[in-house]
Amino acid sequence: MGQGINENPKAQVILETDGEVILYKDFFNLDERDRLFQALYSEIIWQQETIQLFGKKYQVPRLIAWYGDRDKVYTYSGIAHTPQAWNSTLFLIKNRLETLLRAKFNSVLLNLYRDGQDSMAWHSDDEPELGKNPTIASVSFGATRRFSLKHKHIKERKVELELSSGSLLLMQGETQHYWKHQIPKTKKPVGARINLTFRTIQ
């Protein structure tokens, strides 16, 4: 795949109170972004999940995949996810993240947003199996989408970002205790976006 990583990516501090959020806007170069998007789009085993709310079943508005070490089962929205085995593309991205961040990840949640009507509702990545102060490394490929953050206790505290292809958003410290995040729907014509959130299941 070549040298797709920027060896000295510029870090932009987004939040440093009640958690830490850092954006590396150009973590992968232009050529690598396109190659990785195409590889992930075709190689990953995508699933359309259904959840039940208030007695009614709804299709999750995006496609999902869970990959990782063999025993790293992850449960959220009442669904237990058994991991698919790592492939070479995921290993490449994982190794580069671990080199930059000096962290270890044993799993990754992938979301495929097919168009502007696919979305992710407000939530925090605070499931018990992620540990007390999880480090979440979020990588995006494909179309640019808006990413919103809001404080759980202070309504005035909100942040909105445009996450472009090849970007890395790092959430760590107490971020999941104090903040929620979402990918809202948009009426603008947008192409497909793939997001990977690397994490460590305890």
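Predicted model: local features only at pLDDT ≥ 70, side-chain atom pairs only at ≥ 80, totals over all residues.
User: Why is R146 called partly exposed?

Analyst: Buried means under 20% relative accessible area and exposed means over 50%, with partly exposed in between (1.4 Å probe, protein chains only). The relative accessibility of R146 is 37%, so this residue falls into the partly exposed class.

User: What makes the pairing of the side chain of R146 with the side chain of E160 a polar contact?

Analyst: The term requires a pair of N or O atoms within 3.5 Å, where within protein one must be able to donate a hydrogen and the other to accept it, and where residues adjacent in sequence count only if both atoms are side-chain atoms. The side chains of R146 and E160 make such a contact at 3.3 Å, and R146 makes another with the side chain of E162 at 3.0 Å. If contact is taken as heavy atoms within 4.5 Å, R146 also touches L161, Q182, I183 and P184, leaving aside neighbours within four places in sequence.

User: Why does N111 count as buried?

Analyst: The relative accessibility of N111 is 2%, which is why it is classed as buried. This residue lies in strand β8, and its side chain makes a polar contact with the side chain of R62 at 3.0 Å. The C-alpha atoms of N111 and L196 are separated by 6.6 Å, although the two residues stand 85 places apart along the chain.

User: Why is N87 called buried?

Analyst: N87 has a relative accessibility of 18% and therefore counts as buried. It is found in the loop between β7 (79-81) and α2, where its side chain reaches the backbone nitrogen of L90 at 2.9 Å. Not counting residues up to four places away in sequence, N87 touches E43 and I44.

User: Which residues have the most contacts inside the largest nonpolar core?

Analyst: A nonpolar core is a set of buried Ala, Val, Leu, Ile, Met, Phe, Trp, Tyr and Cys residues joined through side-chain atoms within 4.5 Å. The largest has 30 residues, and those with the most contacts inside it are I93, L110 and L196. Among the elements that give it two or more residues are α1 (30-43), α2 (88-101), β8 (107-113) and β15 (193-199), and the largest share, four residues, comes from α2. A second, separate core of 16 residues includes I136, V159, L161 and I183.

User: What makes α1 oblique to α2?

Analyst: Axes are lines fitted to C-alpha atoms, for helices over the stretch in contact, and angles run from 0 to 180 degrees between N-to-C directions. Angles under 35 degrees count as roughly parallel, over 145 as roughly antiparallel, 65 to 115 as roughly perpendicular and the rest as oblique. Helices α1 and α2 pack at about 135 degrees, with their axes 10 Å apart, and that angle makes α1 oblique to α2. The residues that meet there include L36, L40 and E43 in α1, and L90, I93 and R96 in α2.

Key:
Residues numbered from 1 in each chain as written. Heavy atoms only, no water.
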